[in-house]
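Please examine the sequence and the structure shown below before reading on. The paragraphs that follow lead from an open space in the protein to its metal ion, its charged pairs and its aromatic rings.

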Amino acid sequence: MWITKWLWDVFESLGLWKKHAKLLMMGLDNAGKTTLLHLLMNDRIEVVQPTLYPSTEEFTFENCKFTAYDLGSSNSFRNRRLWKDYFPVISGIVFIVDAADPERFEEGKEEIQALLRADTLSSTPILVLGNKTDLPMAVSKDELRHELGLHDTTNDIAPIESVQPPVEVFMCSVVCRQGYQEGLQWLSQHV
Ligand SMILES: Nc1nc2c(ncn2[C@@H]2O[C@H](COP(=O)(O)OP(=O)(O)OP(=O)(O)O)[C@@H](O)[C@H]2O)c(=O)[nH]1
Ligand SMILES: [Mg+2]
């Protein structure tokens, strides 16, 4: 809405927003990307349909303004090509995984490992959210990290010579409004 944009511009010019970050929402279909985005924008859980068309949304978290691109699932061929167009303009990635769907971890691993190999993203922080911890099948953070082939960045055991972007895993339940806040705080510090 133009009035929101106008207010942001005023606040920005007064130096009241510390940062403005552009994010790409990524992850397999059904992971919870759009549900999270709508919660961040409208502060409520909405029933959403699978994303068929790319959308650009804006929200604020603490005193950081975010513009987020929701392209739909990253496992579609069309979107894989689309992402690359966004890489040069984004300052962070939110990669959401359904932590209660072990059958799709391998697919998720392929997606995130492809991201880690992308030259254009060498310094772009990646927030990995293990979503749906409210479901009984949800795995632990350690298990998810292992399944996705991610180093334990918390304990800093990644090889020093690696030029991989900062990556951190946070477990969350979007529908229970738990866990993603800590992840966004981490991301805000790295964008
Ligand atoms: N149990 C549970 N369900 C969730 C959670 N977050 C999202 N969902 C549900 O997961 C389903 C998919 O959510 P979406 O937000 O559409 O997922 P998406 O990643 O945007 O999917 P695509 O648009 O197809 O890429 C919906 O039925 C949501 O209500 C959660 O934390 N727990
Ligand atoms: Mg969606």
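Which residues lie nearest the centre of the largest pocket? In this predicted model, they are Asn30, Ala31, Gly32, Thr35 and Val48, which belong to a lining of 20 residues. Rolling a probe the size of a water molecule over the atoms shows where empty space is left. The space in the largest pocket comes to about 410 Å³. Helix α2, which covers residues 33-42, supplies three of the lining residues, and this is the largest share. Sorted by class, the lining of the largest pocket consists of 10 polar, six nonpolar and four charged residues.

The overall plan of the chain may now be considered. The protein chain contains six helices and six strands. Read from the N terminus, these elements follow the order α-β-α-β-β-α-β-α-β-α-β-α. The chain has 191 residues, and 45% of them count as buried.

Which atoms coordinate the magnesium ion, ligand 2? They are the OG1 atoms of Thr34 and Thr51, at 2.0 Å. Threonine 34 belongs to helix α2, whereas threonine 51 belongs to the loop between α2 and β2 (55-61); the pair therefore ties together parts that are 17 residues apart in sequence. The two threonines may also be described by their accessibility. Threonine 34 has a relative accessible area of 13% and is therefore buried, since buried means under 20%. Threonine 51, with a relative accessible area of 25%, is partly exposed.

Charged side chains form a further set of contacts. Side chains of opposite charge can pair when their charged atoms come close. How many salt bridges does the structure hold? There are six salt bridges. In one of them, the side chains of aspartate 43 and arginine 177 meet at 3.1 Å, N to O. Aspartate 43 lies in the loop between α2 and β2, and arginine 177 lies in the loop between β6 (167-171) and α6 (180-190), so this pair ties together parts that are 134 residues apart in sequence. Is aspartate 43 buried or exposed? Aspartate 43 counts as exposed, at 54% relative accessibility, while arginine 177 is partly exposed, with a relative accessible area of 35%.

Another salt bridge joins the side chains of glutamate 46 and arginine 44, again with a value of 3.1 Å, N to O. Arginine 44 has a relative accessibility of 48% and counts as partly exposed. Aspartate 142 and arginine 145 also meet through their side chains in a salt bridge, at 2.9 Å, N to O. These two residues are three residues apart in helix α5 (residues 141-148), and so about one helical turn separates them. Aspartate 142 counts as exposed at 52% relative accessibility, whereas arginine 145 is buried, with a relative accessible area of 7%.

Tryptophan 83 and phenylalanine 87 form an aromatic pair that is tilted, with 6.2 Å from centre to centre and 35° between the planes.

Cysteine 64 is found in strand β3, which covers residues 64-70. With a relative accessible area of 4%, cysteine 64 is buried. Where does lysine 19 stand in relation to cysteine 64? In sequence, lysine 19 and cysteine 64 are 45 residues apart, yet in space they are 5.0 Å apart, C-alpha to C-alpha.

Notes:
Residues numbered from 1 in each chain as written. Chains lettered and ligands numbered in written order. Predicted model: local features only at pLDDT ≥ 70, side-chain atom pairs only at ≥ 80, totals over all residues. Heavy atoms only, no water. 1 Å grid on protein atoms, 1.4 Å probe; cavity = no way out; pocket = protein on both sides within 12 Å on 5 of 7 lines; lining within 4 Å. Points joined across faces, edges and corners; volume = space filled by probe spheres on them. Helix = DSSP H or I, 4+ residues; strand = E, 2+ residues; numbered from the N terminus. Nonpolar A, V, L, I, M, F, W, Y, C, P; charged D, E, K, R; others polar. Donors = N, O, S within 2.8 Å, 3.2 Å for Na, K, Ca; no water. Buried < 20%, exposed > 50% of the residue type's maximum accessible area, 1.4 Å probe, protein only. Salt bridge = Lys/Arg side-chain N within 4 Å of Asp/Glu carboxyl O. Phe/Tyr/Trp six-rings, centres within 6.5 Å; stacked < 30°, edge-to-face > 60°.
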